[in-house]
Amino acid sequence: ADLLTRSYEYAYEQGWTDGLPIIPATPEAVKRFVAASGRKADDLVALLPPRKGRATVEVIAVNAIMAGCRPEYMPVVIAAVEGVSDPTYPLELMQVTTNPMTPFLLVNGPVRNSLEINYGTGCLGPGWRANSTIGRALRLTLINAGGALPGVYSKTSFGSPLRYSYICGENEEENPWTPFHVDRGFKRGDSTVTAFKASNFCNISGGEGVGAGEILRQIATNMPPMYGGGDGVLLLLGVNHAQSLFEAGLTKRDIQQRLWEMARLPISHFAEAFSSTERAHGRGDDKTVWRASGPDEIYIAVAGGAGPQNVYIGAGMPQTRLIRGV
């Protein structure tokens, strides 16, 4: 216990942590985690901004250990690092901006069950080791390899608790449509992780037993526009509403189209700076402001447990990566 305490104190003093206690990355543990990745220790996964730090398999392993991961989580963490380091993903902006945007990870495929990644009741936490530590491992890698130290390179004005760990699986077992990764061209039996550029989180309650039209209107009413982050939205449909909408004969495309049409507000509701920005980005006209520039930017996945609840996340620019070695 004393060694753990001293290790945490030292890591905290060096700026290696997110503020929470860490597990010491001993040489023996690093070897186990590298072996579990199926790759060589010096394999370069990414150069992470802003300081172009080398996120090798060994570096990722060290951060995964500190985060509390099991060795078998390594392929998921590596795939997440691959996703956020794609040239089209705005990682450098996310690392240095004053806006508290952060990666959100959606996991699909058999790996959800084999690693016990929660996709049902309470899937956004707390209480599940895989969810908590895989997301945290990505954050620690962004801090330690990328250099996004709070107050140094990372300039988020307020920060966000979502920047500790922001991840869940898709509830494919209760999804009446095709899973998210299948929609993106992968096979149902593939295991994938999708990294979204994400901002705030809004739980949407209500709309049970009133028909598909009212369910969608309830959701649309609670989809706030995202200033400076309007690159799409992610709707995590709860299983109750997913089943109700499916039984009403709606496809995911129907839902995207209807939400895009309904989730609008008069331009008079907004400050001129906001409405001008939205018009410039194709998310408004001289009368209204809408949530996304088109139906395709309203991403839909099914997650969570029973109850008339859904989650709306300002999230876009998804990067999906195959999880290898699981």
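Student: Why does methionine 317 count as partly exposed?

Tutor: Methionine 317 has a relative accessibility of 28%. Buried means under 20% and exposed means over 50%. The value of 28% lies in between, so methionine 317 is partly exposed. Keep in mind that this is a predicted model.

Student: Where is methionine 317 found, and what is its phi?

Tutor: Methionine 317 is in strand S10, which covers residues 309–322. Its phi is near 50 degrees, a positive value in a residue that isn't glycine.

Student: What about lysine 52: where does it lie, and what is its phi?

Tutor: Lysine 52 lies in the loop between S1 and S2. Its phi is positive, about 60 degrees, although lysine 52 is not a glycine.

Student: How do you know whether lysine 52 is buried, exposed or partly exposed?

Tutor: Set its value against the cut-offs. The relative accessible area of lysine 52 is 48%, and exposed would need over 50%, buried under 20%. So lysine 52 is partly exposed.

Student: Which peptide bond in that loop is cis?

Tutor: The one that joins proline 49 and proline 50, with omega at about 5 degrees. Proline 50 sits in the loop between strand S1 (44–48) and strand S2 (53–56). Another cis bond runs from glycine 125 to proline 126, again with omega near 5 degrees. Proline 126 is in the loop between helix H6 (111–114) and helix H7 (129–144).

Student: Back to strand S10. Why does threonine 320 count as buried?

Tutor: Threonine 320, which lies in S10, has a relative accessibility of 9%. Buried means under 20%, so threonine 320 counts as buried.

Student: What makes its pairing with arginine 184 a polar contact?

Tutor: The side chains of threonine 320 and arginine 184 come to 2.6 Å. Leaving aside neighbours within four places in sequence, the residues in contact with threonine 320 include Phe180, Phe186 and Val193.

Student: Why do we say that the buried residues of H11 line one face of the helix?

Tutor: In H11 (residues 252–262), Lys252, Ile255, Gln256, Leu259 and Trp260 are buried. Looking down the axis of H11, these buried residues fall within an arc of 125 degrees, so they line one face.

Student: How many cavities of 30 Å³ or more are there, and what lines the largest cavity?

Tutor: The search finds two. The largest has a volume of about 70 Å³, and its lining includes Thr102, Gly135, Arg139, Arg163 and Ser165. Strand S3 (102–108) and H7 each give two or more residues to that lining, and H7 gives the most, with four.

Student: What makes two residues of that lining charged?

Tutor: Arg counts as charged, and the lining has Arg139 and Arg163. The rest divide into seven nonpolar and three polar residues.

Student: How much space lies in the largest pocket, and what lines it?

Tutor: About 330 Å³. Of its 16 lining residues, Asp18, Ile143, Pro150, Arg163 and Tyr164 are the closest to its centre. By class, the lining has six nonpolar, seven polar and three charged residues.

Technical notes: Residues numbered from 1 in each chain as written. Predicted model: local features only at pLDDT ≥ 70, side-chain atom pairs only at ≥ 80, totals over all residues. Heavy atoms only, no water. Buried < 20%, exposed > 50% of the residue type's maximum accessible area, 1.4 Å probe, protein only. Arc of directions from axis to C-beta. 1 Å grid on protein atoms, 1.4 Å probe; cavity = no way out; pocket = protein on both sides within 12 Å on 5 of 7 lines; lining within 4 Å. Points joined across faces, edges and corners; volume = space filled by probe spheres on them. Polar contact = N/O pair within 3.5 Å; in protein donor to acceptor, adjacent residues only side chain to side chain. Contact = heavy atoms within 4.5 Å.
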